[in-house]
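Please open the model in your viewer and keep the selection panel at hand.

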Amino acid sequence: MENLTQYSLAAQTGSTLEHVIYIFLSLAVSVFALRRNALTLSAALGAFFLAVALYLAGGPLFFILLMVFFFSSTFLSHFKASLKDPIEVRMHAKSGPRDLVQVGANGGAALIMAIPFALSQNPAYLVAVAASFAACNADTWASEIGILSKKAPVSLLTLKPVSPGLSGGVSPLGFLASLGGSAVVALTYGLYQLAAGNSGVLLLMQILMITFGGLLGSVLDSFMGAAFQAKYISHETGELTEKPVDNNKPNQLYSGLAFVNNDFVNFASSLLAASLVLFFVQLQ
């Protein structure tokens, strides 16, 4: 881990040119996301500052993990969009380009774990940052792929069928997608470790822990979505939805807590997963 810690200190010890390169890359990706209609203007600005902050806190590793999450989730959000968009418009309070709050919900936990690393250089936080991105990636992959499942999802709490796209629903396809999303981030971390000259049983344990942590984060997201996230009865269709308002008219709260929306659940589940992984890494 010492080699990796040294690699991750590039932001503190790197040249001005290296700083300029990563700041430019952060700006380029943000502009790309804005032009691709993946992010709103405020979200693109937030993503730029998030990418720069992560780089300054942990060097190239944190930046690369963010890029893996961003590009894989953006690609999947456009995959078979014609089939998914009508469901998302009907079910979700937010659809279309991601906004600033969504950027914070998906990147906030990583930044919270990155700051202590920058202050302490404790390598356990490297694994925690990776786990937070693994959790976000796992949840995104599960949502974007699981919604296409031919088998109806079931509530994680009641095991009864629920409408596709409704938070708290799980399916075998979504679970496999979640595992894949988590594994991609974990393997990215592992490859970076190998490039830094680290290998062996410890690295394998970390990859497995990140993968499991990401999968756990996705499960926690589904559990919190089923148990606490606000769901409403649409005054237009009479069906369950996550939208508090339809056509400027409020929907009736059916279950959950009004202040617990999808952004809250995404942030809380990724932070909890990262915290649990951090706890177990520090036990080693």
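Select N247 to begin, and you will be in the loop between β5 (245-246) and β6 (249-250), where strands are DSSP runs of E with at least two residues and helices are DSSP runs of H or I with at least four residues, both numbered from the N terminus. N247 has a positive phi of about 50° although it is not a glycine. Its relative accessibility is 59%, so N247 counts as exposed; on this scale exposed means over 50% relative accessible area, buried means under 20%, and partly exposed lies in between, with a 1.4 Å probe and protein chains only.

Before moving on, note that this is a predicted model, in which local features need pLDDT of at least 70 and side-chain atom pairs count only at pLDDT 80 or more, while totals for chains, interfaces and linings use all residues. Residues are numbered from 1 along each chain as its sequence is written, and side-chain values use heavy atoms, with hydrogens and water left out.

Next, select N37, which is found in the loop between α3 (16-35) and α4 (41-58). N37 counts as exposed because its relative accessibility is 51%.

Now turn to helix α10 (residues 201-227) and select T211 within it. With a relative accessible area of 14%, T211 is buried. Its side chain reaches the backbone oxygen of I207 at 2.8 Å, a polar contact being a pair of N or O atoms within 3.5 Å in which, within protein, one must be able to donate a hydrogen and the other to accept it, and residues adjacent in sequence count only if both atoms are side-chain atoms. If you leave aside neighbours within four places in sequence, T211 is in contact with L179, S182, A183 and A186, where contact means heavy atoms within 4.5 Å.

Continue to helix α11 (residues 262-283) and select S269. S269 has a relative accessible area of 4% and is therefore buried, and its side chain reaches the backbone oxygen of V265 at 2.8 Å. Not counting residues up to four places away in sequence, S269 touches G217, L220, D221 and M224.

Then select S270, whose place is also in helix α11. Which residues does S270 contact, once its neighbours within four places in sequence are left aside? They are A105, A109, S132, A135 and C136. S270 counts as buried at 1% relative accessibility, and its side chain reaches the backbone oxygen of N266 at 3.0 Å. If you draw a distance from S270 to I207, which is 63 residues apart from it along the chain, the C-alpha atoms are separated by 17 Å.

Finally, clear the selection and view the whole chain, whose secondary structure comes to 11 helices and seven strands. The C-alpha atoms fill a box of roughly 60 × 40 × 30 Å, taken along the principal axes. Of the 284 residues, 49% count as buried. Among the contacts with a separation of 6 or more, 74% come from residues 24 or more positions apart. If you colour by charge, look for 13 positive and 13 negative side chains, the centres of the two sets lying 9 Å apart; Lys and Arg count as positive and Asp and Glu as negative, without His and the chain ends, and each charge is placed at NZ of Lys, CZ of Arg, CG of Asp or CD of Glu.
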